[in-house]
Amino acid sequence: MIVCSCQNISDRDINAAIDWMRAADTAAIITPGKIYRALGKRADCGGCMALFLSAMRANPSLEVPATLRNLRGTARKEA
């Protein structure tokens, strides 16, 4: 399914980029901007962002790495 018609990005492209980034760096925080850059594209009008984010969230590899979870709570306890 085409997610971004301005840049011709499909949900498969998004999933491939997420899987590639996760394989390259298991601790990476994956953002829409990083996905666009991985695909060699740039966001244009932004009309697709809700669908883009929905496609991202559907990918199980998007999950925040365990080592980076709850850092905000940890910093408060140390202070």
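The model is predicted: local features need pLDDT of at least 70, side-chain atom pairs count only at pLDDT 80 or more, and totals for chains, interfaces and linings use all residues. Residues are numbered from 1 along each chain as its sequence is written, and side-chain values use heavy atoms, with hydrogens and water left out.

The chain holds four helices and two strands. Helices (H or I, at least four residues) and strands (E, at least two) are DSSP runs, numbered from the N terminus. Read from the N terminus, the order is β-β-α-α-α-α. Strand β1 covers residues 2–4, and strand β2 covers residues 9–10. Helix α1 spans 11–24. Helices α2 and α3 span 32–38 and 49–57. Helix α4 spans 71–78.

The overall dimensions come next. The C-alpha atoms fill a box of roughly 45 × 25 × 20 Å, taken along the principal axes. The radius of gyration of the chain is 14 Å, whereas a compact globule of 79 residues would have one near 12 Å. That radius is taken over C-alpha atoms, and the globule rule is 2.2 Å times the number of residues to the power 0.38. Contact means heavy atoms within 4.5 Å. Among contacts in the chain with a separation of 6 or more, 58% join residues 24 or more positions apart.

The accessible surface of the chain comes to about 5,400 Å². Carbon and sulfur atoms account for 53% of that surface. Accessible areas come from the Shrake-Rupley method with a 1.4 Å probe; for residues, only the protein chains shown count as cover. Of the 79 residues, 25% count as buried. Buried means under 20% relative accessible area, exposed over 50%, and partly exposed in between (1.4 Å probe, protein chains only).

The chain carries 11 positive and 7 negative charges, and their mean positions are 6 Å apart. Lys and Arg count as positive and Asp and Glu as negative; His and the chain ends are not counted. The place of a charge is taken as NZ of Lys, CZ of Arg, CG of Asp or CD of Glu.

The strand region was examined residue by residue. Asn8 sits in the loop between β1 and β2. Most residues other than glycine have a negative phi. Asn8 is not a glycine, yet its phi is positive, at about 55°. Ser10 belongs to strand β2. Ser10 counts as buried because its relative accessible area is 13%. Beyond its neighbours within four places in sequence, Ser10 is in contact with Met1, Ile2 and Val3.

No disulfides were found in a search of the whole structure. A disulfide is a pair of cysteine sulfur atoms within 2.5 Å. Cys4 is in no disulfide; its nearest cysteine sulfur belongs to Cys48, 3.8 Å away. Cys48 is likewise in no disulfide, and its nearest cysteine sulfur is that of Cys4. Cys4 is buried, with 2% relative accessibility. Cys48 is also buried, at 10%.

Helix α2 contains Ile35. Ile35 is buried, as its relative accessible area is 0%. Residues up to four places away in sequence aside, Ile35 touches Ile14, Ala17, Ile18, Met21, Ile30, Phe52 and Met56. Ile35 and Arg12 are 23 residues apart along the chain, and their C-alpha atoms are separated by 12 Å.

Three loop residues complete the picture. Ala28 lies between α1 and α2. At a relative accessible area of 14%, Ala28 is buried. Ala28 touches Arg22 and Pro65, not counting residues up to four places away in sequence. From C-alpha to C-alpha, Ala28 and Ser5 are 27 Å apart in space, and they are 23 residues apart in sequence.

Gly47 lies in the loop between α2 and α3. Gly47 is exposed, with a relative accessible area of 65%. Gly47 and Ser5 are 42 residues apart in sequence, but their C-alpha atoms are 9.3 Å apart in space.

Ser61 occupies the loop between α3 and α4. Ser61 counts as partly exposed, at 23% relative accessibility. Setting aside residues up to four places away in sequence, Ser61 touches Ile18, Asp19, Arg22 and Ile30. Ser61 and Ala23 are 38 residues apart in sequence and 9.2 Å apart in space, C-alpha to C-alpha.
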